[in-house]
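Here is a short report on selected features of one protein model. Look at the sequence and the structure first, then read on.

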Amino acid sequence: SALQELVQLGAIAPAPPGAEKATKKERGEDGKDKIIPSQMERLLPLGETLSKMPLSPCLGRMLILGVLFQCVDTACLLAAVISAARRPFVCPPGKRKESLAYQRGFEPTSDLLAVFAAAEAFEAKLKGISGYGEDHEHAEQFALSRFLVPQRLRALLRTRDSLRDELVRAKLIERSSSKGNDWAMWGYAAEAESTEETEEKPKTSENEATADAENGGEKVPGDEVELDDGDVGGWGAWEDDAPAAGNDGWNYWDSWWDDWKQWQDEGWWSLHAHDGELEMRKALLVAASPVNVAMRRRPCLAKHRTPTGLEAIIAPQSLNAQPRVGKGGGKDVDRRGGPSWWAYGSMQISNKQGFLRTTTLVDPYHIFLFGGLGVEHRKDGETREEEAEEVEEEDPDSAEMQNFQTEGTEELAPVSMIDEWIEPQGSEDTLWLLSALRAEIRRCIHLKVLDPTGDLSETSQWLLDEIATTILRTCTRRQERVLSNLPQQLIMPPGGSVPNRMGGKGIKGDSHKGKGKGGKGSKGGGK
């Protein structure tokens with residue numbers, strides 16, 4: 001339930017056992033007696049901070065994690081992408097293959113991070129126009145040639161800046177340190193407002209009245225916005241207006257999105273030190289929807305195990321959807337490889353079949369450190385079943401309250417179960433280390449909201465830096481190994497739109513394989 005989710009996040013403290021029995025009567029305005037519980041849940045400091053943000057609790061907590069891990073812009077832009085009502089990528093009828101190929105050109109393993117990378121690349125082009133770098137390709141042309149709507153990319157950048165301002169209002173960051181990337185700095189504020197008003201309006205063309213194959217209905221000219229925004233996942237329908245523009249060639253954006261002088265500013269650096277970490281982006285993505293993870297037992301299989309117990313497949317609209325195998329093609333399927341883990345934004349159920357939307361290939365480390373809401377810990381020399389039976393015999397109310405403990409404040413012990421279906425497996429030392437790091441992350445969240453303007457201890461900040469770099473960087477090689485066992489997918493333009501992002505056997509045009517063994521502690525399956 002929503003209440004239990006808030007308790008597990010550490011946003012509210014649950015009512016004590018038996019509080020519902022301790023009630024009192026109070027006469028209401030209508031003259032009738034009302035029974036009012038005398039003890040209710042109370043808001044904790046984290047809940048007070050989250051209540052001031054215009055986002056869901058999980059997204060608000062993700063912004064706080066962005067502050068802790070010194071990647072504020074990454075967290076704000078990712079929150080803007082997740083909460084966007086309409087997707088920047090469009091797919092005209094009959095162009096799904098090309099649209100997905102251009103998305104993989106930005107990020108081959110994630111729908112959301114493809115939009116994230118596209119927004120960053122578009123921003124770099126805008127900076128080039130404003131004199132911050134060489135303008136290889138006009139920003140508008142860059143977007144239109146890749147099935148992107150420039151107005152929606154601008155909206156994402158404006159939302160990112162507004163969310164950064166929310167962190168300033170919450171006193172989690174200083175305004176002086178957060179400057180340097182604002183939309184108004186480039187002189188595009190007035191243009192953004194005008195383009196937002198003149199964003200493409202529904203046209204009465206034959207293409208706009210094409211049948212919506214997914215919903216089984218027909219689009220009526222003028223109703224596209226309602227149909228798009230009502231689609232599952234909040235991304236809008238696939239059949240959208242295609243941007244009309246030619247191609248000026250495929251050029252890379254070639255510079256960081258900030259001037260080197262900003263890195264000399266210690267205050268700015270403390271907020272953006274890890275903005276360029278790809279695995280940190282995936283970690284924040286998992287934290288934004290901590291329970292939405294699924295497991296695929298083998299790369300060649302289409303079905304995934306989900307928290308609900310329903311077997312689901314990746315929706316065809318996702319760039320991670322497996323290509324259709326022709327008649328007799330199943331014999332050539334590569335059946336190597338082990339389990340892989342996928343984060344998803346939402347799941348749609350149609351005809352008793354689940355479809356995962358906005359999927360992302362993630363690593364077990366992402367899930368262990370940032371995923372899940374409810375965890376169970378193992379005591380030394382005691383199995384999880386024996387511990388539960390012992391607590392139940394001593395005090396039934398304590399057994400019930402054990403599910404509502406604020407994670408990160410309890411006594412340190414290895415995590416034995418996440419969300420009642422993910423069972424971590426690995427060496428004892430690895431499980432202890434990852435469990436301690438998971439608890440430290442959540443403890444730092446509470447410390448930050450208790451003293452927003454204060455700094456973490458040197459040891460805590462060092463641990464968070466090690467997580468963002470040393471630990472999470474090991475995830476890349478394991479994910480490359482998973483990609484090498486997946487069917488090849490088309491990438492457009494050749495080599496991708498973002499340099500140094502294409503790799504793995506699963507990408508056409510690049511046969512590089514990830515080598516080496518991943519670290520221990522990965523999860524091999526559910527309970």
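In which hand, left or right, does α3 pass α13? The crossing is right-handed. Keep in mind that this is a predicted model.

## Helix α3 against helix α13

Two packed helices are described by the angle between their axes and the distance between the axes. Take α3, residues 57–68, and α13, residues 278–288. They pack at an angle of about 150 degrees, and their axes are 8 Å apart. Angles over 145 degrees count as roughly antiparallel, so α3 is roughly antiparallel to α13.

Which residues of α3 meet α13? They are Cys 58, Leu 59, Arg 61, Met 62, Leu 65 and Gly 66. Across from them, α13 brings Leu 284, Ala 287 and Ala 288. By class, this contact has seven nonpolar residues, one polar and one charged.

## Helix α1 against helix α3

Helix α1 covers residues 2–9. Its axis comes within 11 Å of the axis of α3, and the two cross at roughly 15 degrees. Angles under 35 degrees count as roughly parallel, and therefore α1 and α3 are roughly parallel to each other. Their crossing is left-handed.

Three residues of α1 take part: Glu 5, Leu 6 and Leu 9. They meet Pro 57, Cys 58 and Arg 61 in α3. Sorted by class, the contact of α1 with α3 has four nonpolar, no polar and two charged residues.

Cys 58 of α3 is named in the contact with α1 and in the contact with α13. Arg 61 of α3 is likewise named in the contact with α1 and in the contact with α13.

## The buried side of α1

Which residues of α1 are buried? They are Val 7, Gln 8 and Leu 9. These buried residues pack against β1 (12–13), α2 (45–51), α3 and α17 (428–450). After α1 comes Gly 10. The phi of Gly 10 is positive, near 85 degrees.

## Thr 306 in its loop

Thr 306 sits in the loop between β8 (304–305) and β9 (311–314). Is Thr 306 buried or exposed? Its relative accessibility is 1%. Buried means under 20%, so Thr 306 counts as buried.

The side chain of Thr 306 makes a polar contact of 3.0 Å with the side chain of Thr 308. The Thr 306 side chain also reaches the backbone oxygen of Leu 310, at 2.6 Å. Now leave aside the neighbours within four places in sequence. Thr 306 is then in contact with Val 293, Ala 294, Ala 312, Tyr 344, Met 347, Leu 356 and Trp 421.

## Positive phi and a cis peptide bond

Gln 70 is not a glycine, although its phi is positive, about 55 degrees. Gln 70 lies in the loop between α3 and α4 (72–83). With a relative accessible area of 9%, Gln 70 is buried.

Lys 352 is not a glycine, and its phi is positive, about 65 degrees. Lys 352 lies in the loop between β11 (346–350) and β12 (353–357). Its relative accessibility is 78%, so Lys 352 counts as exposed.

Where is the cis peptide bond that joins two residues with omega about -10 degrees? It joins Met 492 and Pro 493. Pro 493 is in the segment after α19 (474–484).

How values were computed
Residues numbered from 1 in each chain as written. Predicted model: local features only at pLDDT ≥ 70, side-chain atom pairs only at ≥ 80, totals over all residues. Heavy atoms only, no water. Axes fitted to C-alpha atoms, helices over the stretch in contact; angles between N-to-C directions. Helix = DSSP H or I, 4+ residues; strand = E, 2+ residues; numbered from the N terminus. Parallel < 35°, antiparallel > 145°, perpendicular 65-115°, else oblique. Left-handed = near helix turned anticlockwise from the far one by under 90°. Contact = heavy atoms within 4.5 Å. Nonpolar A, V, L, I, M, F, W, Y, C, P; charged D, E, K, R; others polar. Buried < 20%, exposed > 50% of the residue type's maximum accessible area, 1.4 Å probe, protein only. Polar contact = N/O pair within 3.5 Å; in protein donor to acceptor, adjacent residues only side chain to side chain.
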